[in-house]
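Hi everyone, thanks for coming. Let me walk you through a structure that may be new to you, so please have a look at it first.

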Amino acid sequence: MDALQSRRIEAISIAVAVVAIGAGTAYYLYITRKPKPCLDPDNFKEFKLVKRTQLSHNVAKFRFELPTPDSVLGLPIGQHMSCRGKDSVGEDVVKPYTPTTLDSDVGYFELVIKMYPQGRMSHHFRELQEGDYLAVKGPKGRFKYQPNQVKAFGMLAGGTGITPMFQVARAIMENSKDKTNVSLIYANVTFEDILLKVLLSSAHHYSVQSLLQVACLFWTVSYFSICRKSLIILPKVSLAASKCTMF
Ligand SMILES: Cc1cc2nc3c(=O)[nH]c(=O)nc-3n(C[C@H](O)[C@H](O)[C@H](O)COP(=O)(O)OP(=O)(O)OC[C@H]3O[C@@H](n4cnc5c(N)ncnc54)[C@H](O)[C@@H]3O)c2cc1C
């Protein structure tokens with residue numbers, strides 16, 4: 001009788017241990033699972049516009065919802081995607097765009113778009129209203145950024161060319177283990193044309209002053225440098241003299 005009882009207790013203990021190990025493993029797999037990327041390189045997928053914010057007379061920020069609140073877009077740093085729309089005569093048009101968000105922004109992605117009066121895809125974005133869908137395909141591009149892959153990046157950007165630079169710079173600034181220095185020369189025709197100054201300023205208060213000050217001083221070209229976590233004015237001579245990878 002005693003032997004039977006102790007065998008029963010042994011069996012129950014083993015069963016409890018197996019269930020506990022199973023539950024622990026399932027929980028570990030759940031918390032360490034990687035969310036499935038939403039982008040498809042071969043097929044256009046539709047994403048719903050949930051918020052449109054006008055930033056200036058011809059620039060707007062578009063926030064698109066991902067399929068679930070914990071979905072990520074799945075765009076490697078340094079790459080872009082193709083967006084499809086209709087121009088003013090109803091013909092299909094496909095153009096490349098780089099989101100200003102990263103995969104650390106979960107459940108959505110954002111595009112900052114400058115809309116040109118005669119632009120074909122600009123027309124599509126001008127007409128796009130909250131609740132509408134945008135067809136997107138990707139990732140695209142050969143360059144994939146890896147943390148610390150180079151000592152320094154030298155970036156030259158004009159107008160909307162800031163968005164690919166912003167994507168890489170933001171990834172570097174948000175990773176405390178990434179020691180890459182970034183120097184950026186950002187050229188614009190007028191002060192109003194400078195994109196993303198609000199986004200840059202919300203991340204780094206000091207940078208706003210440098211950027212605005214320099215932009216006002218030079219009017220057509222602004223110089224600033226992102227060194228680790230802070231932005232400082234970069235004298236032209238130090239950019240030329242520094243050893244860095246340009247892109
Ligand atoms: C990798 C990559 C990422 C990009 N990311 C972004 C982004 O995040 N946001 C964004 O707004 N754009 C971005 N662009 C630019 C975008 O792809 C389009 O070129 C832009 O939206 C204009 O397309 P469109 O069809 O409206 O103009 P189009 O029909 O091609 O051009 C019509 C007219 O618009 C004017 N125009 C078009 N482009 C420019 C320009 N760059 N400068 C001055 N006038 C111009 C010209 O008058 C031109 O004749 C990116 C481009 C690349 C290559």
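This is a predicted model: local features need pLDDT of at least 70, side-chain atom pairs count only at pLDDT 80 or more; totals for chains, interfaces and linings use all residues.

**A buried leucine and a ligand shell**

Where does L39 sit in the chain? You'll find L39 in the loop between α1 (2-32) and β1 (45-54). Leaving aside residues up to four places away in sequence, L39 touches K45, L73, G74, L75, M81, V136, G138 and P139. There is also L66: 27 residues separate L39 and L66 in sequence, while their C-alpha atoms are 9.9 Å apart in space.

Now let's step back to the whole chain. It has 247 residues, and 23% of them count as buried. Its secondary structure comes to six helices and eleven strands. If we take contacts between residues at least 6 apart in sequence, 72% of them join residues at least 24 apart.

On to the ligand. How many residues surround the ligand? There are 20, and the closest are Y116, G119, M121, S122 and T163. The elements giving two or more residues to this shell are β4 (92-97), β5 (108-114), α2 (120-127) and α3 (162-174). Sorted by class, the shell holds nine nonpolar, eight polar and three charged residues.

And why do we say that the ligand lies between domain 1 (45-140) and domain 2 (152-246)? Because both domains give residues to the shell around the ligand.

How values were computed
Residues are numbered from 1 along each chain as its sequence is written. Helices (H or I, at least four residues) and strands (E, at least two) are DSSP runs, numbered from the N terminus. Two residues are in contact if their C-beta atoms, placed from the backbone, lie within 7 Å. A residue is buried if 20 or more other C-beta atoms lie within 10 Å of its own, exposed if 12 or fewer, and partly exposed in between; C-beta atoms are placed from the backbone. A residue is near a molecule or strand if its C-beta atom, placed from the backbone, lies within 6 Å of it. Ala, Val, Leu, Ile, Met, Phe, Trp, Tyr, Cys and Pro count as nonpolar, Asp, Glu, Lys and Arg as charged, and the others, Gly among them, as polar. Domain bounds come from an automatic or database domain assignment.
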